[in-house]
Amino acid sequence: MISTTPRTRGQKPSRRDQILAAAAELFAQHGFRGVGIDDIGAAVGITGPALYRHFRSKDAMLGEMLTDISEYLLAGGTERIERDGDPDEILAGLVRFHVDFALQQPALITVQERSLASLADDDRRTVRGLQRRYVEVWVSALRAAVPHLDEPTARSAAHAVFGLMNSTPHHRHLPDDRLAELLTGLALGALYAAK
């Protein structure tokens with residue numbers, strides 16, 4: 001689970017992070033509506049009602065989960081495009097960053113795909129706003145590397161490549177290192193083919 005709480009190496013995830021990780025796996029397998037609070041509690045070895053010490057509701061849990069991953073992606077993407085360097089290297093670094101996330105967090109990708117509509121209105125607005133800003137990071141990086149692209153084409157290309165990179169929950173036929181190499185190559189090839 002992506003954690004926004006800094007931890008030292010070897011430090012155990014917080015109970016809150018454990019709950020979010022278990023909830024992500026369950027939501028990915030059964031859908032947000034198909035999972036009860038007791039199911040999540042059982043997955044982390046506590047009673048369902050004990051979860052209310054950590055989250056006010058299952059909806060709040062989903063909101064925090066999807067907000068956290070959106071913030072993580074935006075921060076990581078922004079960090080990569082703010083580095084000095086060749087635009088091609090920056091774009092490649094951005095692709096590798098997202099591919100690594102997709103390979104490490106397939107449950108979160110599935111939850112994001114399937115459960116965005118289940119968010120409370122305020123959480124949905126927050127997540128959508130963060131996602132739009134992340135897309136603009138990609139538009140900026142892509143237009144720097146492929147200067148002839150107009151913004152709408154770059155934006156469409158970014159969305160198309162997200163679909164490719166976020167396909168990791170649907171296929172795991174290769175070891176992660178080989179799949180990372182394949183997805184990175186395919187994503188870069190698609191981005192540079194944009195016209």
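**View 1. E136, R143, E151 and R155 are tied together in a network of salt bridges.** This is a predicted model, where local features need pLDDT of at least 70, side-chain atom pairs count only at pLDDT 80 or more, and totals for chains, interfaces and linings use all residues. Residues are numbered from 1 along each chain as its sequence is written, and side-chain values use heavy atoms, with hydrogens and water left out. A salt bridge here is a side-chain nitrogen of Lys or Arg within 4 Å of a carboxyl oxygen of Asp or Glu. Side chains of opposite charge can pair when their charged atoms come close. R143 meets E151 with the closest N and O atoms 3.5 Å apart, and E151 also pairs with R155, this time at 3.3 Å. E151 and R155 are four residues apart in helix α7, so about one helical turn separates them. (Helices are DSSP runs of H or I, at least four residues; strands are runs of E, at least two; both are numbered from the N terminus.)

**View 2. R16 reaches E64 in another salt bridge.** The closest N and O atoms are 2.5 Å apart. This pair links distant parts of the chain, with R16 in helix α1 and E64 in helix α3, 48 residues apart. R16 is partly exposed at 31% relative accessible area, and E64 is partly exposed too, at 23%. (Buried means under 20%, exposed over 50%, and partly exposed in between, using a 1.4 Å probe and protein chains only.) The whole structure holds eight salt bridges.

**View 3. Here's the largest nonpolar core, with 64 residues.** Such a core is a set of buried Ala, Val, Leu, Ile, Met, Phe, Trp, Tyr and Cys residues joined through side-chain atoms within 4.5 Å. F27, I40, M61 and W138 have the most contacts inside it. The largest share, ten residues, comes from α6. Skipping neighbours within four places in sequence, I40 is in contact (heavy atoms within 4.5 Å) with residues including I19, F27, L51 and M61.

**View 4. T110 sits in helix α5.** Is T110 buried or exposed? T110 is buried, with a relative accessible area of 7%. Leaving out neighbours within four places in sequence, T110 is in contact with A28 and P169.

**View 5. Residues 13-73 carry the UniProt label "domain: HTH tetR-type", from an unreviewed entry.** UniProt positions follow the numbering used here, feature names are shortened, and annotations may be inferred rather than shown by experiment. This stretch is 64% helix and 0% strand, and its end C-alpha atoms are 20 Å apart.
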